[in-house]
Amino acid sequence: MPGTITLSTIIGVMIPFAGTTLGSACVFFLKGKMSIGIRKTLTGFAAGVMVAASFWSLLNPSLEMAEKMGRFAFIPAAVGFLIGMFFLLVLDLVTPHMHLDSTVEGPRSGMRRTTKLILAVTLHNIPEGMAVGVVYAGWLAGDSGLTAAGALALALGIAIQNFPEGAIVSMPLRAEGMSKSRTFLYGMLSGIVEPIASILTIIASAFITGLLPYFLSFAAGAMMYVVVEELIPEMSEEPHSNLGPVAFAFGFVLMMILDVTLG
């Protein structure tokens with residue numbers, strides 16, 4: 001039955017969460033504070049994956065599904081993309097926000113930083129979960145042109161991107177003196193919103209299948225907001241380094257290969 005959530009769908013939407021969990025586990029194997037070079041590399045790689053996923057897995061299918069609109073086939077992609085961007089903008093304005101390189105002084109300030117860090121990363125995981133959910137919703141609909149392999153490719157790509165993201169969360173918390181087990185738990189929980197967002201998106205899409213192209217481009221816009229507002233500034237911070245752009249290129253190409261070969 002089209003729209004029914006299958007076991008393979010549940011497994012698929014859990015894959016990105018597994019990536020975050022594995023990344024958070026780095027706290028058990030790495031010592032000390034994460035260097036600026038490593039953080040730039042991980043952030044650049046994550047940005048590359050997200051940009052490639054936004055186009056190959058989300059915007060391109062949105063445009064293909066709207067081909068019957070002729071010269072106006074761009075409307076769902078354009079409208080959904082802009083709404084996704086502004087949706088994340090509003091969330092950023094009302095949610096405690098910070099950059100990962102913020103400095104703190106004292107325990108009270110450290111606690112505020114810890115809370116903001118977890119909230120910021122959790123917020124950024126929402127559009128990733130929506131992206132995976134909407135592609136699986138398209139496959140479950142049966143007539144969207146989206147495939148199970150394509151949905152799996154996106155889930156794997158987001159999981160790969162989430163691995164460094166999990167480390168970026170857990171390592172700074174550990175550097176502030178938090179226990180390894182508690183740090184791992186917080187890092188892991190920052191990714192639990194992804195499968196939740198995926199399932200909710202699948203459920204919502206089942207009731208409004210005609211808006212699937214808008215859902216796809218909405219997820220793309222939300223992900224691109226995260227890249228432009230957060231990840232690119234992080235990988236471009238001083239001191240100057242080419243690590244971020246190089247890692248971006250590898251992340252982009254890897255996600256493109258996954259989507260083309262599996263999609």
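**Entry 1: a threonine to start with**

In which helix is Thr21 found? I looked it up in this predicted model, and Thr21 is found in helix 1. Next I wondered: is Thr21 buried or exposed? Its relative accessible area is 17%, and buried means under 20%, so Thr21 counts as buried. I then listed what Thr21 touches, leaving out residues up to four places away in sequence, and found Phe184 and Met188.

**Entry 2: the whole chain**

I stepped back to see the overall plan. The chain has 9 helices and 0 strands. Reading along the sequence, I wrote the pattern down as α-α-α-α-α-α-α-α-α. There are 263 residues in the chain, and buried ones make up 51% of them. I also checked the contacts with a separation of 6 or more: 84% of those are between residues 24 or more positions apart.

**Entry 3: helix 1 and helix 7**

Back to the helix that holds Thr21. Which residues of helix 1 meet helix 7? From helix 1 I noted Thr9, Val13, Met14, Pro16, Phe17 and Thr20. Across from them, helix 7 brings Glu194, Pro195, Ser198, Ile199 and Ile202. By class, I sorted the residues of this contact into 7 nonpolar, 3 polar and 1 charged.

Then I looked at how the two helices lie. Helix 7 covers residues 193-207, and its axis comes within 8 Å of the axis of helix 1, crossing at roughly 150°. Angles over 145 degrees count as roughly antiparallel, so helix 1 is roughly antiparallel to helix 7. The crossing is right-handed.

**Entry 4: the cores**

Which residues touch the most other members of the largest nonpolar core? In this core of 43 residues, they are Leu58 and Leu154. I traced which elements give two or more residues to the core: helix 1 (7-24), helix 2 (36-65), helix 3 (74-94), helix 4 (106-141), helix 5 (148-175), helix 8 (212-235) and helix 9 (243-262). There is also a second, separate core of 6 residues, which includes Phe17, Val27, Phe184 and Met188.

Not counting residues up to four places away in sequence, Leu58 touches Ala53, Ala131, Val134, Val135, Leu154, Leu216, Ala219, Ala220 and Met223.

**Entry 5: helix 5 and helix 9**

Leu154 turned up again when I looked at where helix 5 meets helix 9. On the helix 5 side I found Ala149, Gly150, Ala153, Leu154, Leu156, Gly157 and Ile160. On the helix 9 side I found Leu254, Met255, Leu258, Asp259 and Leu262. The contact has 9 nonpolar, 2 polar and 1 charged residues.

How do these two helices cross? Their axes come within 8 Å and cross at roughly 160°. Helix 5 and helix 9 are therefore roughly antiparallel to each other, and helix 5 passes helix 9 in a right-handed crossing.

**Entry 6: a leucine in helix 3**

My last stop was Leu88, which lies in helix 3. With a relative accessible area of 2%, Leu88 is buried. Which residues does Leu88 touch, not counting those up to four places away in sequence? I found Leu123, Pro127, Ala222, Tyr225 and Val226. Leu88 and Leu123 are 35 residues apart along the chain, and their C-alpha atoms are separated by 8.6 Å.

Conventions:
Residues are numbered from 1 along each chain as its sequence is written. This is a predicted model: local features need pLDDT of at least 70, side-chain atom pairs count only at pLDDT 80 or more; totals for chains, interfaces and linings use all residues. Side-chain values use heavy atoms; hydrogens and water are left out. A nonpolar core is a set of buried Ala, Val, Leu, Ile, Met, Phe, Trp, Tyr and Cys residues joined through side-chain atoms within 4.5 Å. Buried means under 20% relative accessible area, exposed over 50%, partly exposed in between (1.4 Å probe, protein chains only). Helices (H or I, at least four residues) and strands (E, at least two) are DSSP runs, numbered from the N terminus. Contact means heavy atoms within 4.5 Å. Axes are lines fitted to C-alpha atoms, for helices over the stretch in contact, and angles run from 0 to 180 degrees between N-to-C directions. Angles under 35 degrees count as roughly parallel, over 145 as roughly antiparallel, 65 to 115 as roughly perpendicular and the rest as oblique. A crossing is left-handed if the near helix is turned anticlockwise from the far one by less than a right angle, and right-handed if clockwise. Ala, Val, Leu, Ile, Met, Phe, Trp, Tyr, Cys and Pro count as nonpolar, Asp, Glu, Lys and Arg as charged, and the others, Gly among them, as polar.
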